[in-house]
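Subject: Structure for you to look at

Hello,

Here is the structure for your files, with notes on what turned up in it. Please read them with the model open.

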Amino acid sequence: MFLRARIEASLEKKRLRDKERKTYEALLASEKRLAAELAEAAVYVRSLLPAPLEGQVRAQWRFQPSAELGGDIFGYHWINADRLAIYLLDVSGHGVGAALLSVSVFNVLRTQSLQGTDFCDPAAVLKQLNQVFPMERQNNLLFTIWYGVFDRGTWQLTYASGGHPPAVLLGDAAAPTQKLSTGGRVLGCDPAAEFRNASCAIARGQRLYVFSD
């Protein structure tokens, strides 16, 4: 009886070790799948970013997120023959949820699919985005944004911001460096929030630096 009890105890320990090993292996496999899916999602987000611009107006960028997948995204595109939209947004938090919201907002801007909105009017764009993406319908996620429109016919930049760090217009001795911000609230928290435009003249050779923290 004593020998049988020892054998049964040994078998039970083996069963427990086998169960723990299988659980550990399943956890490793799950983590590996999740890492692969996050990496794939990060590649997709990066694929949405615009190509560098060359010509009279040039644009270059560097995208280096603090996490593999986050809520930062940016873009620029010609609204018409003379007006270039430039925008950068940052969704609160990191991970899939933040990335999904950032891509949703980005696609709305890229396709200009806010009904009845003049995309040459930055304040109007921010106001409409704020109403279309309330935090209550976005898993309590908020986002900041800087949106500007450069008119190469007049060399004027019109811009508006909502909770985002100011863009920086880099100048020289004749045109000192400027921080471009209109204040404005973070988008998604107050449907009644108002946004305003500001504008400045751009001198040839000046550079605009737009970034997220």
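Glu194 counts as exposed, at 55% relative accessibility; exposed means over 50% relative accessible area, buried under 20%, and partly exposed in between, using a 1.4 Å probe and protein chains only. The side chain of Glu194 meets that of Lys127 in a salt bridge, 3.6 Å from N to O. A salt bridge here is a side-chain nitrogen of Lys or Arg within 4 Å of a carboxyl oxygen of Asp or Glu. Lys127 lies in helix H3 and Glu194 in the loop between strand S6 (178-180) and S7, so the pair ties together parts that are 67 residues apart in sequence. Lys127 is partly exposed, at 33%. Helices (H or I, at least four residues) and strands (E, at least two) are DSSP runs, numbered from the N terminus.

Before the rest, the terms of use. This is a predicted model, in which local features need pLDDT of at least 70 and side-chain atom pairs count only at pLDDT 80 or more, while totals for chains, interfaces and linings use all residues. Residues are numbered from 1 along each chain as its sequence is written, and side-chain values use heavy atoms, with hydrogens and water left out.

Salt bridges

The whole structure holds four salt bridges. One of them joins Asp82 to Arg152, with the closest N and O atoms 3.8 Å apart. Asp82 sits in the loop between S1 and S2 and Arg152 in the loop between S3 and S4, 70 residues apart, and the pair links distant parts of the chain. Asp82 is partly exposed at 38% relative accessibility, and Arg152 is partly exposed at 28%. Another joins Arg185 and Asp190, where the closest N and O atoms are 3.1 Å apart. Arg185 has 45% relative accessibility and counts as partly exposed; Asp190 has 22% and also counts as partly exposed.

The sheet

Five strands form an open sheet in the order S1-S2-S3-S4-S7, with antiparallel pairing; two strands pair if DSSP finds at least two bridges between them. At the edges are S1 (70-78) and S7 (198-201), each pairing on one side only. From one strand to the next the twist averages 15 degrees. Axes are lines fitted to C-alpha atoms, for helices over the stretch in contact, and angles run from 0 to 180 degrees between N-to-C directions.

S1 pairs with S2 (residues 83-94) in the antiparallel sense over eight bridges. Helix H2 (residues 96-111) packs on the sheet and touches S1, S2 and S3 (143-151), its direction making about 165 degrees with that of S2. Helix H3 (residues 122-132) also packs on the sheet, touching S3 and S4 (156-162), at about 155 degrees to the direction of S3. Contact means heavy atoms within 4.5 Å.

The cores

A nonpolar core is a set of buried Ala, Val, Leu, Ile, Met, Phe, Trp, Tyr and Cys residues joined through side-chain atoms within 4.5 Å. The largest has 39 residues, and those with the most contacts inside it are Leu109, Leu129, Phe143 and Tyr147. Helix H1 (2-48), S1, S2, H2, H3 and S3 each give two or more residues to this core. H2 supplies the largest share, eight residues. Leu129 touches Val105, Val108, Leu109, Leu114, Phe143, Ile145 and Leu187, not counting residues up to four places away in sequence. A second, separate core of 17 residues includes Trp146, Trp155, Cys200 and Ile202.

Regards
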